[in-house]
Amino acid sequence: MSEWTTWFNALDEGKKEQVRSAVAGETTSLDLSGGKFTHIPHRLFIDCRALTKLNLGGCTSLAALPEFIAQLQALTMLGLGGCT
C-alpha cells in the first residue's frame, strides 16, 4: 500500500471528501484541522498546487511541516493554531 493510500485511508470521511475536491481542483481551501496524522505526503502538495487556504490547526501529532509546502505557491493562509 502506498504512503498516499495509507494517509488518505486514515482520514475521516469528511476530510477525505475535502481532499478529493482539492485534488480535483474543485476547491482552493482545505481544512485538515484536528487530524491525527504525523506527516503529510508529498503528493498532496503536487496534486493541490492551487490551494490558497490550508488549515492544519490542532494537528498535534504533526511533527513538522514538510519542505514541499513551498510548492503551494498560491497559498495565502496557513492555519497552525493549536499545533505544538
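How many aromatic pairs does the count come to? The rule pairs rings of Phe, Tyr and Trp (its six-membered ring) if their centres lie within 6.5 Å; planes under 30 degrees apart are stacked, over 60 edge-to-face, and the rest tilted. By this rule the count is 3 aromatic pairs. This is a predicted model, where local features need pLDDT of at least 70 and side-chain atom pairs count only at pLDDT 80 or more, while totals for chains, interfaces and linings use all residues. Residues are numbered from 1 along each chain as its sequence is written, and side-chain values use heavy atoms, leaving out hydrogens and water.

**Aromatic rings**
- The rings of W4 and F8 are stacked, because their centres are 6.2 Å apart and their planes are at 20°.
- Ring pairs link W4, W7, F8 and F37 into a cluster.

**Helix α1**
- W4 and F8 sit 4 residues apart in helix α1 (residues 3–10), about one helical turn; helices are DSSP runs of H or I with at least four residues, strands are runs of E with at least two, and both are numbered from the N terminus.
- W4, W7 and F8 are buried in α1, meaning under 20% relative accessible area with a 1.4 Å probe, protein chains only.
- W4 has a relative accessible area of 13%, and F8 has 13%.

**The sheet**
- The open sheet has 3 strands in the order β1-β2-β3, with parallel pairing; two strands pair if DSSP finds at least two bridges between them.
- β1 (29–31) and β3 (77–79) stand at the edges with a single partner strand each, so one side of each has no neighbour in the sheet.
- Strand β2 (residues 53–55) is joined to β3 by 3 bridges, and N55 has G79 in β3 as its bridge partner.

How values were computed
Buried < 20%, exposed > 50% of the residue type's maximum accessible area, 1.4 Å probe, protein only.
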